[in-house]
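Let's walk through this model together, one question at a time. Have the coordinates open as you read.

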Amino acid sequence: MEERIKSFDEFYPFYLKQHSNKTCRLLHIIGTTIVLALVFTSIYHTNFQLLIFVPITGYGFAWVGHFFFEKNKPATFKYPLWSLKSDFKMYFEILSGKISLDSAKD
């Protein structure tokens with residue numbers, strides 16, 4: 001039986017290992033960028049109907065990355081909140097250069 005991860009500090013390294021494929025990471029970056037654009041656009045234009053596309057876009061790009069490139073099951077199925085937090089952490093760490101898009105350099 002698989003042991004459950006008990007803290008975010010323990011989870012994040014696991015999350016990064018689940019995102020070791022460059023294309024998977026790139027798809028996460030694209031999806032998260034579109035999600036942020038949708039949220040800001042919906043607020044700016046007070047068109048909250050746009051928010052329906054947030055989970056479709058976010059999960060759509062991520063799941064394509066996992067199922068077709070990473071070839072694993074998304075961590076969000078077991079750890080939804082930590083996965084969401086980790087996605088944004090990874091997003092900003094890649095954009096800032098703290099971690100690379102190509103995980104072989106991490």
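Q: Which residue's side chain does His28 join through a polar contact of 3.1 Å?

A: A polar contact here is a pair of N or O atoms within 3.5 Å; within protein, one must be able to donate a hydrogen and the other to accept it, and residues adjacent in sequence count only if both atoms are side-chain atoms. At 3.1 Å, the side chain paired with that of His28 belongs to His19.

Q: What should you keep in mind about the numbering and the origin of the model?

A: Residues are numbered from 1 along each chain as its sequence is written, and side-chain values use heavy atoms, with hydrogens and water left out. This is a predicted model: local features need pLDDT of at least 70, side-chain atom pairs count only at pLDDT 80 or more, and totals for chains, interfaces and linings use all residues.

Q: Is His28 buried or exposed?

A: His28 sits in helix H2, residues 22-44; helices (H or I, at least four residues) and strands (E, at least two) are DSSP runs, numbered from the N terminus. Buried means under 20% relative accessible area, exposed over 50% and partly exposed in between, using a 1.4 Å probe and protein chains only. Because its relative accessibility is 5%, His28 counts as buried.

Q: Which elements do the buried residues of H2 pack against?

A: Buried residues of H2 include Leu27, His28, Gly31 and Val35. Contact means heavy atoms within 4.5 Å, and among the residues that His28 touches are Tyr15, Ala62 and Met90. Taken together, the buried residues of H2 pack against H1, helix H3 (53-70) and H4.

Q: How many Å apart are the end C-alpha atoms of H2?

A: The expected span of a helix is 1.5 Å times one less than its number of residues. For the 23 residues of H2 that gives 33 Å, which agrees with an end-to-end C-alpha distance of 33 Å.

Q: Which residue forms a salt bridge with Glu93?

A: A salt bridge is a side-chain nitrogen of Lys or Arg within 4 Å of a carboxyl oxygen of Asp or Glu, and the count comes to 2. One of them joins Lys6 and Glu3, both exposed. Glu93 counts as buried because its relative accessibility is 9%. Its partner, with the closest N and O atoms 3.6 Å apart, is Lys98.

Q: Which residue takes a positive phi just after H2?

A: Most residues other than glycine have a negative phi. In the loop between H2 and H3, a residue with 58% relative accessibility counts as exposed. With a positive phi of about 45°, that residue is Thr46.

Q: What is the phi of Lys71?

A: Lys71 lies in the loop between H3 and H4. Because its relative accessibility is 66%, Lys71 counts as exposed. Its phi is positive, in a residue other than glycine, and is near 60°.

Conventions
Lists of a residue's contacts leave out its neighbours within four places in sequence.
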